[in-house]
Amino acid sequence: MAGKLLLATNNRDKVTEIRNILVSLDIDVLTLKDLNLDIEVEEDKDTLEGNALKKASEIWNAAGIPCSADDTGLFVDALNGDPGVYSSRYAGENVTYADNRHKLLENMSGIPDDKRTARFKTVVCYYFDKDKYMFFEGSCEGTILKEERGEKGFGYDAVFLPSGYDKTFAELDLKEKNKISHRAKAFSKFKEYLVSISS
Ligand code: IMP
């Protein structure tokens, strides 16, 4: 399946994870940087699907080659699904990953262990021609710890303990995270689809 796929993201952490997942495909995985495209799409929709579609379609319009965009949120039961689709700016505009984690731990102080369930959800939009697109979803269940653990990963990784594991996402190697993560599951479904249409 020789072809090209443009990842509609400027986030280096995500590019590394996604390239790892798609590595066995005979496909050129390009980034915006590879094409010298300096595009920042505002994520102003109120669903993961809406943001993923907006990013993928705008980048497709600019580049004209098949692209994928993903949007992820952390949905915490005790906070009625917050930070959800607003996960990247939970503590405000232009904040760091650490600011968001601190805000989450602060808002969850006093919530007992058995009520700290949460899940990451990722929606991938594959936009391959004008007005032609598909969605792929993945999620990962877990709990929010009371303090940070681990130095790897990014975002909320240091406070998220995936179900069935005794290491947070920030304590797991990327290879291990990529076996169980929301993004890995969504991109694996996407990968299966790409393989199925190539045979
Ligand atoms: P995005 O919209 O896909 O960039 O994700 C929104 C926010 O969710 C990011 O800014 C991160 O804070 C968080 N996030 C996304 N994916 C992950 C992950 O795999 N681990 C931890 N946090 C994540």
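Reader: How many positive and negative side chains does the protein have, and how far apart do the centres of the two sets lie?

Author: This is a predicted model. The protein carries 28 positive and 35 negative side chains. The centres of the two sets lie 3 Å apart.

Reader: What makes the radius of gyration agree with a compact globule?

Author: The rule is 2.2 Å times the number of residues to the power 0.38. For 199 residues, a compact globule would have a value near 16 Å. The protein has 17 Å, so the two agree. Along the principal axes, the C-alpha atoms fill a box of roughly 50 × 30 × 25 Å.

Reader: What is the pattern of helices and strands along the sequence?

Author: The protein has five helices and seven strands. Their order is β-α-β-α-β-β-α-β-β-β-α-α.

Reader: What share of the contacts joins residues at least 24 apart?

Author: The share is 58%, among contacts between residues at least 6 apart in sequence.

Reader: How much of the protein is buried, and what is the accessible surface?

Author: Of the 199 residues, 47% count as buried. The accessible surface comes to about 10,300 Å². Carbon and sulfur atoms account for 46% of that surface.

Reader: How many aromatic pairs are there?

Author: The structure holds 13.

Reader: Why is the pair of W60 and Y127 called tilted?

Author: Rings pair if their centres lie within 6.5 Å. Here the centres are 5.7 Å apart. Planes under 30 degrees apart count as stacked, over 60 as edge-to-face, and the rest as tilted. The planes of W60 and Y127 stand at 45°, so the pair is tilted.

Reader: Where do W60 and Y127 sit in the chain?

Author: W60 is in helix α2, residues 48-63. Y127 is in strand β5, residues 117-129. The pair links distant parts of the chain, 67 residues apart.

Reader: How do you know whether W60 and Y127 are buried or exposed?

Author: Buried means under 20% relative accessible area. W60 has 14%, so W60 is buried. Y127 has 5%, so Y127 counts as buried.

Reader: What makes Y126 and F190 a tilted pair?

Author: Pairing needs centres within 6.5 Å, and tilted is what remains between stacked, under 30 degrees, and edge-to-face, over 60. Y126 and F190 lie 4.8 Å centre to centre, with 50° between the planes. The pair is tilted. Y126 is in strand β5 and F190 in helix α5, residues 182-198. They are 64 residues apart. Both are buried.

Reader: Which residues form one aromatic cluster with Y126 and F190?

Author: F128, F136, F187 and Y193 form one aromatic cluster with Y126 and F190.

Definitions and conventions. Residues numbered from 1 in each chain as written. Predicted model: local features only at pLDDT ≥ 70, side-chain atom pairs only at ≥ 80, totals over all residues. Heavy atoms only, no water. Helix = DSSP H or I, 4+ residues; strand = E, 2+ residues; numbered from the N terminus. Buried < 20%, exposed > 50% of the residue type's maximum accessible area, 1.4 Å probe, protein only. Contact = heavy atoms within 4.5 Å. Areas by Shrake-Rupley, 256 points an atom, 1.4 Å probe, with all protein chains shown as cover. Lys, Arg positive; Asp, Glu negative; His and termini not counted. Charge placed at Lys NZ, Arg CZ, Asp CG, Glu CD. Phe/Tyr/Trp six-rings, centres within 6.5 Å; stacked < 30°, edge-to-face > 60°.
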